[in-house]
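Please read them with the model open.

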Amino acid sequence: MTAVLSASELKRLNTRTIALVGLMGVGKSTVGRRLASRLGMKFCDADDEIEEAAGMSVSDIFATLGEAAFRDGEARVMRRLLEGRPIVLATGGGAMLNPDTRAHLKRHAVTVWLKADLSIVARRVARRDTRPLLRGKDPTEILKGLAEARYPIYAEADLVVETGGGAHAEAVEAIIKALKDHQAEPGA
């Protein structure tokens with residue numbers, strides 16, 4: 001059920017960027033768009049912003065320039081986005097691996113780790129062949145390795161929301177509830 005947000009709740013929730021972090025396929029972009037709409041905020045997808053800045057797709061960046069060049073560009077784009085006005089930001093799955101980006105996220109955003117069962121994520125990412133880290137590989141095996149390496153870093157997020165296999169609207173409501181609860185905490 002979608003709860004109605006009062007004007008004062010919207011104002012409080014819109015004071016900082018809300019950065020969604022987590023593995024590819026957890027729904028950062030799809031849920032992020034819906035969350036931004038619900039909160040009356042602008043939505044930005046970091047991968048889209050990187051593609052626009054580079055003038056090529058993420059896949060092409062990986063193929064022609066390599067992952068290191070992609071990560072450098074990602075860090076620059078993330079810094080620019082985080083230093084701007086508050087937005088809902090869908091980060092790339094590897095954005096938090098960069099210590100400078102993590103520090104910028106801590107300073108300028110409330111980070112929300114969207115977490116889902118790996119079998120659900122594997123089904124989602126197997127639908128499209130646009131993810132360079134998965135191309136020609138077993139999605140489940142790659143995701144297990146990524147989870148092992150990245151979950152300790154994602155755990156630094158301010159909030160954790162289990163997205164599961166439910167509707168995107170349920171994830172949006174869970175994020176809003178977590179944000180409200182977080183703001184109610186002393187020192188938040």
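1. Strands (E, at least two residues) and helices (H or I, at least four) are DSSP runs, numbered from the N terminus. The model is predicted: local features need pLDDT of at least 70 and side-chain atom pairs pLDDT 80 or more, while totals for chains, interfaces and linings use all residues. Residues are numbered from 1 along each chain as its sequence is written, and side-chain values use heavy atoms, without hydrogens or water.

2. Which residues of β1 lie on each side? Thr17, Ala19 and Val21 are on one face, Ile18 and Leu20 on the other, and both faces are covered. In a regular strand, side chains alternate between the two faces of the sheet.

3. β1 pairs in the parallel sense with β4 (residues 109-115) over 5 bridges and with β3 (residues 88-90) over 3 bridges; two strands count as paired if DSSP finds at least two bridges between them. Ile18 has Val110 as its bridge partner in β4 and stands opposite Val88 in β3.

4. The open sheet has 5 strands in the order β2-β3-β1-β4-β5, with parallel pairing. β2 (43-45) and β5 (159-162) are at the edges with a single partner strand each, so one side of each has no neighbour in the sheet. From one strand to the next the twist averages 25 degrees, with axes fitted to C-alpha atoms (for helices, over the stretch in contact) and angles running from 0 to 180 degrees between N-to-C directions.

5. Helix α3 (residues 46-54) lies across β2 and β3, at about 65 degrees to β2. Helix α9 (residues 168-184) packs on the sheet and touches β1, β4 and β5, its direction making about 155 degrees with that of β5.

6. The largest nonpolar core has 56 residues, of which Ile18, Leu35, Val112 and Ile175 touch the most other members. Such a core is a set of buried Ala, Val, Leu, Ile, Met, Phe, Trp, Tyr and Cys residues joined through side-chain atoms within 4.5 Å. Its largest share, 6 residues, comes from α9.

7. Beyond its neighbours within four places in sequence, Ile175 contacts Leu20, Val31, Leu35, Val112, Leu114 and Val161; contact means heavy atoms within 4.5 Å.

Note on methods:
Buried < 20%, exposed > 50% of the residue type's maximum accessible area, 1.4 Å probe, protein only.
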